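Hi,

Here is the structure I said I would pass on.

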Amino acid sequence: MTAKEKAKKLVDRFNEHIEYDTNFKDETSKAKKRALICVDEVLKVAATIADKKFDFYTEVKQEINKL
């Protein structure tokens, strides 16, 4: 899975519970913020492990911001 695919998958997971009477653009913005919180948590853990996943999740974070 590429960083771009992972970014989209994370945002989509947070968007799954959107109520249809809400503003989709606002909800997508909220989903992106929630996905970024998750990625920040992964980055904190990865920094202590010094694994290649750190680079991958840094790319995922960049792709979320591009969505």
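Below is what I found, going from the whole chain down to single residues.

First, the ground rules: this is a predicted model, so local features need pLDDT of at least 70 and side-chain atom pairs count only at pLDDT 80 or more, while totals for chains, interfaces and linings use all residues. Numbering starts from 1 along each chain as its sequence is written, and side-chain values use heavy atoms, with hydrogens and water left out.

The protein chain has three helices and zero strands, in the order α-α-α along the sequence. Helices here are DSSP runs of H or I with at least four residues, strands are E runs with at least two, and both are numbered from the N terminus. Of the 67 residues, 30% count as buried (under 20% relative accessible area; exposed is over 50%, partly exposed in between; 1.4 Å probe, protein chains only). Among contacts (heavy atoms within 4.5 Å) with a separation of 6 or more, 57% are between residues 24 or more positions apart.

Helix 1 covers residues 3-15, and its 13 residues reach 18 Å from first C-alpha to last, close to the 18 Å expected at 1.5 Å a residue (the expected span is 1.5 Å times one less than the number of residues). Its buried residues are Ala3, Ala7, Leu10, Val11 and Asn15. They cover an arc of only 140° around the axis, so they sit on the same side of helix 1 (the arc is taken over the directions from the helix axis to the C-beta atoms).

Of its 13 residues, Leu10, Val39, Tyr57, Val60 and Ile64 touch the most other members. Helix 1, helix 2 (24-49) and helix 3 each supply at least two residues, and helix 2 gives the most, with five. Leucine 10 touches Ala35, Val39, Val60 and Ile64, leaving aside residues up to four places away in sequence.

Helix 3 (residues 53-66) also holds glutamate 63, which is buried at 17% relative accessible area. Glutamate 63 touches Ala3, Lys4 and Ala7, again not counting residues up to four places away.

Finally, there is one aromatic pair (Phe, Tyr or Trp rings, the latter by its six-membered ring, with centres within 6.5 Å; planes under 30 degrees apart are stacked, over 60 edge-to-face, the rest tilted). The rings of phenylalanine 56 and tyrosine 57 have centres 5.2 Å apart and planes at 85°, so the pair is edge-to-face.

Cheers

Definitions and conventions. Core = buried A, V, L, I, M, F, W, Y, C linked by side-chain atoms within 4.5 Å.
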